Amino acid sequence: PEVFVYGEEDFVLQAAGWGDPDSAPSRFDRLLLAGWSDRMERGLFRYRLGPLPTRVLPGPVRLVAQLNEKRSSERRPPQSVRSLRDPFDPGAFNFTRLRPAELLFRLRRTGGPGPPPDPLLVAINASPLERGHVLLLPEPARRLPQVLTAPVLRGALEAALLSGHPGFLVGFNGLGGGASVNHLHLHGLYLDHPLPLEEAPAEPLGPRLGLLRAGPAPAFLFFAPNPAALEPVSRAVCRAAEHLDGAGLACNVLAARGDPPAGPGAGGGRGLRVLLWARRPVFGPKAGEPFAVALCELAGLLPLPAEPLYRDMTEVQALSAIRQHLLPEPELLHLGGELARLLE
């Protein structure tokens with residue numbers, strides 16, 4: 001694939017506001033969306049993705065529900081994962097098997113502070129959740145298991161800053177946290193709806209860590225006010241994720257444009273909010289669940305597999321399905337104290 005070479009001058013420090021989400025797409029957005037649309041027209045996805053029925057569930061959390069029946073019926077079945085530390089399995093599906101046409105471009109940074117992040121391949125997600133849904137992959141031939149590393153996370157966070165769209169998100173599902181392929185990858189996708197986690201204030205736990213209770217699931221919040229902060233934030237998030245793994249907990253990570261931890265109006269401009277969810281690991285499908293719980297559901301976006309579920313789902317039902325995977329409040333607060341001390 002072609003190489004997208006970028007430097008600090010390509011970072012969009014202030015993305016478009018939600019009132020004008022389609023204004024001035026960046027060079028990164030134009031290349032990604034043009035390539036994605038081309039592959040859709042060429043039939044390289046498992047299904048055609050048209051406009052998705054979308055509604056905000058009544059209630060204070062304002063969950064965004066979307067009907068995506070084809071993703072449920074047409075996507076590749078998730079891999080069987082047995083533990084948080086399953087090794088890479090060359091016999092199972094992995095990203096060395098992607099067709100060349102599924103690759104859009106390779107990200108490579110030049111210049112800037114500190115060592116460059118790992119170069120990342122940008123490939124289509126063949127079972128997309130939204131327009132522009134892509135995979136961010138370190139070199140697939142390295143055969144890395146689905147365990148987040150700081151150089152890879154930093155590359156993904158830099159990709160988030162290359163977009164001029166307010167709803168471009170990057171995220172990671174760990175083993176036991178909804179990952180469907182045990183080969184290191186992150187997701188990138190464009191949302192057309194703001195999420196509460198972008199501006200709600202967080203409770204401070206330490207100098208570099210907060211607890212964000214907005215949305216359906218409390219998350220640990222890290223904040224990068226500028227590109228220079230991406231490297232220490234990436235290291236801190238991965239140290240925290242490693243601590244969770246040692247405690248037998250799964251994790252999910254999401255990065256989105258947002259206000260400083262104290263919330264809007266508290267001083268300081270918008271930057272990149274990075275959320276880390278700690279949760280009970282789940283291995284294999286769970287009977288009776290209306291939907292699987294991964295990073296989108298934890299953030300407040302519910303891709304639903306059937307029209308009756310989409311039509312009838314209530315906020316109470318959705319929150320019940322999500323929160324059964326979470327830690328009890330005392331355990332969450334104790335873990336927050338441990339992470340704050342770890343990161344001091």
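**Notebook: cysteines, sheet and helices**

I note that the model is predicted.

**Entry 1. Cysteines**

I searched for disulfides, and the structure holds zero of them. I then examined Cys-251, which is in no disulfide; its nearest cysteine sulfur belongs to Cys-238 and is 8.6 Å away. Cys-296 is likewise in no disulfide, and for this residue the nearest cysteine sulfur, that of Cys-251, is 15 Å away. A pair would need sulfur atoms within 2.5 Å. Is Cys-251 buried or exposed? I found Cys-251 to be buried, at a relative accessible area of 9%; the cut-off for this label is under 20%.

**Entry 2. The sheet**

I traced an open sheet of eleven strands with mixed pairing. I recorded its order as E1-E4-E5-E6-E8-E7-E12-E13-E11-E10-E9. Which strands stand at the edges? The edge strands are E1 and E9, the latter spanning residues 203–206, and each pairs on one side only. On average, neighbouring strands of this sheet are turned by 30° against each other, direction ignored.

**Entry 3. Strand E4 and its neighbours**

I followed E4, residues 103–109, where five of the seven residues are buried, so the strand is largely enclosed by the rest of the structure. On one pairing, E4 is joined by five bridges to strand E1 (residues 2–6), and the two run parallel. Within that pairing I located Val-3, whose bridge partner in E4 is Arg-106. E4 is also joined by four bridges to strand E5 (residues 120–124), and this pair runs antiparallel. There, I found Leu-107 partnered with Leu-120 in E5.

**Entry 4. Strands E7 and E8**

I checked a further antiparallel pair: four bridges join E7 (residues 168–173) to E8 (residues 186–190). In this pair, Val-170 stands opposite Gly-188 in E8.

**Entry 5. Helices lying on strands**

Helix H4 (residues 230–246) lies across E11 (219–224), E12 (250–258) and E13 (271–279). I noted that H4 runs at about 5° to E13.

**Entry 6. Helix H7**

Which residues of H7 (residues 315–323) are buried? I listed Glu-315, Ala-318, Leu-319, Ala-321 and Ile-322. They cover an arc of only 160° around the axis, so they lie on the same side of H7. I then asked what they pack against, and found helix H5 (295–299) and strand E14 (301–304). The face turned away from the buried side carries Val-316 and Ser-320, which are exposed.

**Entry 7. Two arginines with positive phi**

I examined Arg-62, which is not a glycine and yet has a positive phi of about 60°. Arg-62 sits in the loop between strands E2 (54–56) and E3 (64–67). Arg-143, also not a glycine, has a positive phi of about 55°. I placed Arg-143 in the loop between E6 and helix H3 (150–162). Its relative accessibility is 43%, and Arg-143 therefore counts as partly exposed.

**Entry 8. Record**

I consulted UniProt, where an unreviewed entry lists residues 27–188 as "domain: GDPGP1-like N-terminal". In the model, I found the end C-alpha atoms of residues 27–188 to lie 16 Å apart. The span is 21% helix and 20% strand.

Methods: Residues are numbered from 1 along each chain as its sequence is written. This is a predicted model: local features need pLDDT of at least 70, side-chain atom pairs count only at pLDDT 80 or more; totals for chains, interfaces and linings use all residues. Side-chain values use heavy atoms; hydrogens and water are left out. Buried means under 20% relative accessible area, exposed over 50%, partly exposed in between (1.4 Å probe, protein chains only). Two strands pair if DSSP finds at least two bridges between them. Axes are lines fitted to C-alpha atoms, for helices over the stretch in contact, and angles run from 0 to 180 degrees between N-to-C directions. Contact means heavy atoms within 4.5 Å. The arc is that of the directions from the helix axis to the C-beta atoms. UniProt positions are given in the numbering used here, feature names are shortened, and annotations may be inferred rather than shown by experiment.
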